Amino acid sequence: MAHRFPALTSEQKKELSDIAQRVVANGKGILAADESVGTMGNRLQRIKVENTEENRRQFREILFTVDSSINQSIGGVILFHETLYQKDSQGKLFRNILKEKGIVVGIKLDQGGAPLAGTNKETTIQGLDGLSERCAQYKKDGVDFGKWRAVLRIDNQCPSHLAIQENANALARYASICQQNGLVPIVEPEVIPDGDHDLEHCQYVTEKVLAAVYKALNDHHVYLEGTLLKPNMVTAGHACTKKYTPEQVAMATVTALHRTVPAAVPGICFLSGGMSEEDATLNLNAINLCPLPKPWKLSFSYGRALQASALAAWGGKAANKKATQEAFMKRALANCQAAKGQYVHTGSSGSASTQSLFTACYTY
Ligand SMILES: O=P(O)(O)OC[C@@]1(O)O[C@H](CO)[C@@H](O)[C@@H]1O
């Protein structure tokens, strides 16, 4: 079929591919600081801090005002709408603080799950209505990439064909709209770790989901060089009694990606999905050492696994700023090393870094 109606000009393609490559250059990854108000409430509750706009702002100010050398490990930060328009205590917009550090600013664009009737409690994600207008405004406000998280669950009859197809199509439609507005879409089909399934079953499901996502992206004429993928690592279910090594997780993960993700995709930035900070780093390191062909950058887009120690160190007290920034910097550096397969576990990680960060049916 002739290519008669090009979706993007060559200038648009160049801009998108440049943005995507900047985010994952030289072992850099993404800080996912895009927790919605509700999710942030759960995080703050754990450290007994009230979920007010001011407390959310204060924690994020501490993260974003960390030393500029953070830009060696963090190439992009995903923000929630509220945070994009917040300022530090000197009145400077967070997004400008990040940009001055050379960090690319992203935004969460999905707007929560809606039930798929006739399935075993499966969902699709909302947010397509008005998305083009929202993207255009965000682009004007300095945003260069978006994120959309679709949630798939392994269970009896799950994920169903309908859930896989519907979420793949929504991700592709979102990706197309982002690109039309100059935003690199981060495509996040998360197979959540709830369940007692083994590693092999997670690999099987992850392959089915990713294959459907790349078919849909192709159907929607999405320019793959101007996208990033944010998948789950292939792991056994949280309640599986059999334990697997980072090397086994890495082999299953890279095998699934190798079978389904085109080499044109510049970077794959894993979510941490409730793994402890240390496990997320060790698994990423093993993935980068896995002896299979890896045509993409294999990096991180962690929420919990970059912020858990920092949150614990902060405890809601301004006096703990230095310790909070040190904890954050430590995880960012460790993950940057892991993204190059150079992380050496010294055994000196604090207790917060080895704690599981799993939450059942993690949604928002
Ligand atoms: O799994 P993690 O690494 O903690 O978070 C991954 C993530 O996609 O899920 C969260 C919920 O949408 C987001 O805040 C974040 O970007």
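Predicted model: local features only at pLDDT ≥ 70, side-chain atom pairs only at ≥ 80, totals over all residues.
**View 1. Asp 34 pairs up with Lys 147.** Here the closest N and O atoms sit 2.8 Å apart. Asp 34 comes from the loop between strand 1 (29–33) and helix 2 (37–46), while Lys 147 belongs to strand 6 (residues 145–152), so this contact ties together parts that are 113 residues apart in sequence.

**View 2. Arg 43 meets Glu 35.** The two side chains form a salt bridge at 2.9 Å, N to O. Arg 43 has a relative accessible area of 12%, so it counts as buried, under the 20% cut-off. Glu 35 is buried too, with a value of 5%.

**View 3. Glu 278 reaches Arg 331.** This salt bridge spans 3.1 Å from N to O. It links distant parts of the chain, with Glu 278 in helix 10 (residues 277–289) and Arg 331 in helix 12 (residues 321–338), 53 residues apart. Both ends are buried: Glu 278 shows a relative accessible area of 2%, and Arg 331 shows 3%.

**View 4. Shared partners make a network.** Zoom out from Asp 34 and Lys 147 and you find them joined with Lys 108, Arg 149, Glu 188 and Glu 190, all in one network of salt bridges that share partners.

Technical notes:
Residues numbered from 1 in each chain as written. Heavy atoms only, no water. Salt bridge = Lys/Arg side-chain N within 4 Å of Asp/Glu carboxyl O. Helix = DSSP H or I, 4+ residues; strand = E, 2+ residues; numbered from the N terminus. Buried < 20%, exposed > 50% of the residue type's maximum accessible area, 1.4 Å probe, protein only.
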